[in-house]
Amino acid sequence: MKWDTLDEEPCSLSRTVAVVGDRWTLLILRECFLRVRRFEAFQSSLQITRHLLSERLKKLVRFGILRRVPYSESPKRYEYILTQKGLDLYPIIMAMVHWGDTHMGDERGRPLLHEHKSCGKLFDPVMVCSECGEVLHAKQVHVHAGPGRRGADAA
């Protein structure tokens, strides 16, 4: 596999990594889920160069993860808003946050706590089976080749 053609691979993970698989893009997405929307706010929060931030935002817009919405005409400025496609990345971001809280934390504890608005409780994200609701663990999942897979072997 070549890095610049990952988005053409018959693998959902490869195609996803092609779009969101670098550290700056993931951190930009984190900021989006924390309701950061403006270029200057991204730059200030992440301490990222203007050029790098601009390139990552353009890519996220090109792939339909963010949309640009003008908020000022003079000078022309935009907010970057998550689309439904972008919002669908939330479980991925939360899974990574949970992994970091579990495996990369220190004695100070979690840097952010997540509260479910509906019940008012703090929570840990968990992945469950869409059919039975049971919590999923890697050793409890069997992978089969799907219709979009080249060849007969499962990933």
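This is a predicted model: local features need pLDDT of at least 70, side-chain atom pairs count only at pLDDT 80 or more; totals for chains, interfaces and linings use all residues.
Me: Are helix 2 and helix 4 roughly parallel or roughly perpendicular to each other?
Reply: The axes of helix 2 and helix 4 are 10 Å apart, and the two helices pack at an angle of about 75 degrees. Because angles of 65 to 115 degrees count as roughly perpendicular, helix 2 is placed relative to helix 4 as roughly perpendicular.

Me: How many nonpolar residues does the contact of helix 2 with helix 4 have?
Reply: On the side of helix 2 the contact involves Trp24, Thr25, Ile28 and Leu29, which meet Leu52, Leu53, Arg56, Leu57 and Leu60 of helix 4. Sorted by class, this contact of helix 2 with helix 4 holds 1 charged residue and 1 polar residue, while the nonpolar residues number 7.

Me: Why are helix 3 and helix 4 described as oblique to each other?
Reply: Helix 3, residues 39-46, packs against helix 4, residues 50-62, with the axes 10 Å apart and at an angle of about 120 degrees. The range for roughly perpendicular ends at 115 degrees and roughly antiparallel requires an angle over 145. Helix 3 and helix 4 therefore count as oblique.

Me: Which residues of helix 4 make the contact with helix 3, where the crossing is right-handed?
Reply: Helix 3 passes helix 4 in a right-handed crossing, and on its own side helix 3 contributes Phe39, Phe42 and Gln43 to the contact. The residues of this contact divide into 4 nonpolar, 2 polar and 1 charged. From helix 4, the contact is made by Arg50, Leu53, Ser54 and Leu57.

Me: Which residues of helix 1 are buried?
Reply: Across the protein, 24% of the 155 residues count as buried. In helix 1, which spans residues 12-20, the buried residues have a cover that includes helix 2 and helix 4. The buried residues of helix 1 are Ser14, Ala18, Val19 and Val20.

Methods
Residues are numbered from 1 along each chain as its sequence is written. Side-chain values use heavy atoms; hydrogens and water are left out. Axes are lines fitted to C-alpha atoms, for helices over the stretch in contact, and angles run from 0 to 180 degrees between N-to-C directions. Helices (H or I, at least four residues) and strands (E, at least two) are DSSP runs, numbered from the N terminus. Angles under 35 degrees count as roughly parallel, over 145 as roughly antiparallel, 65 to 115 as roughly perpendicular and the rest as oblique. A crossing is left-handed if the near helix is turned anticlockwise from the far one by less than a right angle, and right-handed if clockwise. Contact means heavy atoms within 4.5 Å. Ala, Val, Leu, Ile, Met, Phe, Trp, Tyr, Cys and Pro count as nonpolar, Asp, Glu, Lys and Arg as charged, and the others, Gly among them, as polar. Buried means under 20% relative accessible area, exposed over 50%, partly exposed in between (1.4 Å probe, protein chains only).
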